[in-house]
Amino acid sequence: MDGYGILTLVPVLLVIVFALKTKRTLESLILGTLCTYIITDGWGFAQGWMDAFFRVVTDYSHEWVFMVCGLFGSLIALVGASRGTLGFSRLLERLCKGPRSSMLLTWVMGILIFVDDYLNIMTLSTCMRQISDRKKVPREALSYIIDSTGAPVCALLPFSTWAIFFSALFFSEPGVAELGYGNALQTFYHIIPFIFYAIAAVLIVPLFISGIIPKIGRMRKAYDRVKATGQVYSSESESLNFEDDEGAEGTEGSLLDFVLPIGVLIFLAIFTGELFLAVTAAIGVCFILYLPRRRMTFSGFCDLAMHGFCNMIPTVAIIFFAFVMQEAMSDIGIAEYVIHAISPYMTASILPAVVFVAVAILNFSTGSVWGVPAIIVPIIMPLANMLGANLVLVMAAVVSGATLGSHACFYSDATVLTSSCCKMQNMDHAFSQMPYAAMAAGVSFFGYLACGFLM
């Protein structure tokens with residue numbers, strides 16, 4: 001699969017360059033997928049592209065993501081129209097005396113909602129967006145904090161969907177069970193202290209909030225914009241905010257209309273492990289709660305649910321083509337190419353650092369958080385075993401690299417969801433958080449390098 005040589009990297013570079021130039025995520029992904037199949041299939045590229053397109057459409061796990069995103073849009077629209085968000089915001093606002101306390105509360109809540117990164121992103125943005133706007137926190141800062149407590153927190157806690165996936169993935173590899181730590185989840189406990197990227201990403205946030213780490217690049221421009229104009233989002237994001245709830249300042253908002261649906265959502269997500277069921281049940285709670293109390297009519301409820309679902313279509317479109325890009329990268333063999341290219345230079349001491357960088361690059365290239373580890377773990381772990389590398393460090397490096405990819409890639413589902421739920425242009429969010437992701441990546445690389453020689 002590595003027979004395309006250096007051409008394997010061309011589609012990824014094209015996506016990145018085109019996105020940087022145009023600030024258009026969806027169009028960049030479409031161009032990248034077409035380029036991939038032109039390389040692999042030549043004049044027959046249309047058939048290869050369509051095959052990947054329909055593999056994504058018919059994949060159960062992808063359909064699940066699309067439906068969860070759409071239904072979450074319905075839930076957000078219903079809760080917002082009931083003024084439940086306003087009621088909850090007023091309660092939280094008592095704790096938010098200014099911009100810093102608002103951001104700190106967002107960070108704390110992000111750590112507490114640890115079950116799933118989708119749940120974390122969507123719930124936090126619903127709760128905190130209007131509060132942050134009133135406290136004049138730039139949307140770039142809000143989205144950075146939410147994204148930094150999504151995947152990174154889920155990667156660090158053994159009760160999340162991330163822990164379930166990675167523990168099962170690692171435990172089936174030779175040498176891992178022989179470490180003697182117990183079952184798959186018990187083994188994952190020993191990996192957690194070495195997931196350096198997730199730890200660094202979470203801890204950098206309060207340093208950013210307090211001003212110890214300065215505002216850099218796009219983030220500094222965002223703060224300058226707020227200071228000069230009072231506008232919390234850029235002019236490019238104005239079209240996404242026409243229907244915001246800011247006009248409801250004088251309207252009564254009941255705390256119950258927010259807490260009960262979102263409480264059911266979080267409870268079912270934790271105890272059933274199924275977010276689709278949880279969000280569907282939360283919409284059902286809205287129906288039972290709002291209609292008898294005349295918060296909205298039956299027709300109004302249905303129209304709002306459909307309108308909220310449709311509002312998520314741009315987000316779903318980007319995620320869809322990110323999945324097509326993932327298929328394309330698998331077909332062109334980017335994982336095998338990169339692993340083949342770096343394998344001759346690996347030793348036991350540097351392997352964890354190299355694995356971290358390789359997984360991060362591959363995840364960033366494909367936008368696939370779990371797809372890349374599933375492909376390369378069966379290659380990396382036997383190599384680590386053969387070289388006598390520290391398996392705990394190597395496994396932690398894989399999780400760290402996946403977390404970096406989810407956090408930093410501008411077309412990963414987490415990044416796209418965060419920008420969408422915060423009602424801002426995707427590239428505004430991706431570019432403004434990039435320096436802080438790079439800081440966490442640097443800390444992680446040197447951490448794995450040092451531990452590789454010391455452990």
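1. The model is a predicted one. Rings of Phe, Tyr and Trp, the last taken by its six-membered ring, are counted as a pair if their centres lie within 6.5 Å. By this rule the model holds 18 aromatic pairs.

2. One of these pairs is formed by W49 and F53, whose ring centres are 5.6 Å apart. Their planes meet at 40 degrees, so the pair is classed as tilted, because stacked pairs need planes under 30 degrees apart and edge-to-face pairs over 60. Both residues belong to helix 3 (residues 45-58), where a spacing of four residues separates W49 and F53 by about one helical turn.

3. W49 is buried, at a relative accessible area of 18%, whereas F53 is partly exposed, at 22%; the cut-off for buried is under 20%.

4. F267 and F271 make a further tilted pair, with ring centres 4.7 Å apart and planes at 40 degrees. These residues too are four apart, about one turn, within helix 14 (residues 256-272). Both F267 and F271 are exposed.

5. Which residues do ring pairs link into a cluster? The cluster consists of W49, F53, F54, F66, F320 and F321, so the pair of point 2, W49 and F53, is part of this cluster.

6. Lastly, K215 deserves attention. Its charged end sits over the ring of F208, 4.8 Å from the centre of that ring. K215 also lies over the face of Y223, at 5.1 Å from the ring centre.

Conventions
Residues are numbered from 1 along each chain as its sequence is written. This is a predicted model: local features need pLDDT of at least 70, side-chain atom pairs count only at pLDDT 80 or more; totals for chains, interfaces and linings use all residues. Side-chain values use heavy atoms; hydrogens and water are left out. Helices (H or I, at least four residues) and strands (E, at least two) are DSSP runs, numbered from the N terminus. Buried means under 20% relative accessible area, exposed over 50%, partly exposed in between (1.4 Å probe, protein chains only). A charge sits over a ring if NZ of Lys or CZ of Arg is within 6 Å of the ring centre and within 35 degrees of the ring normal.
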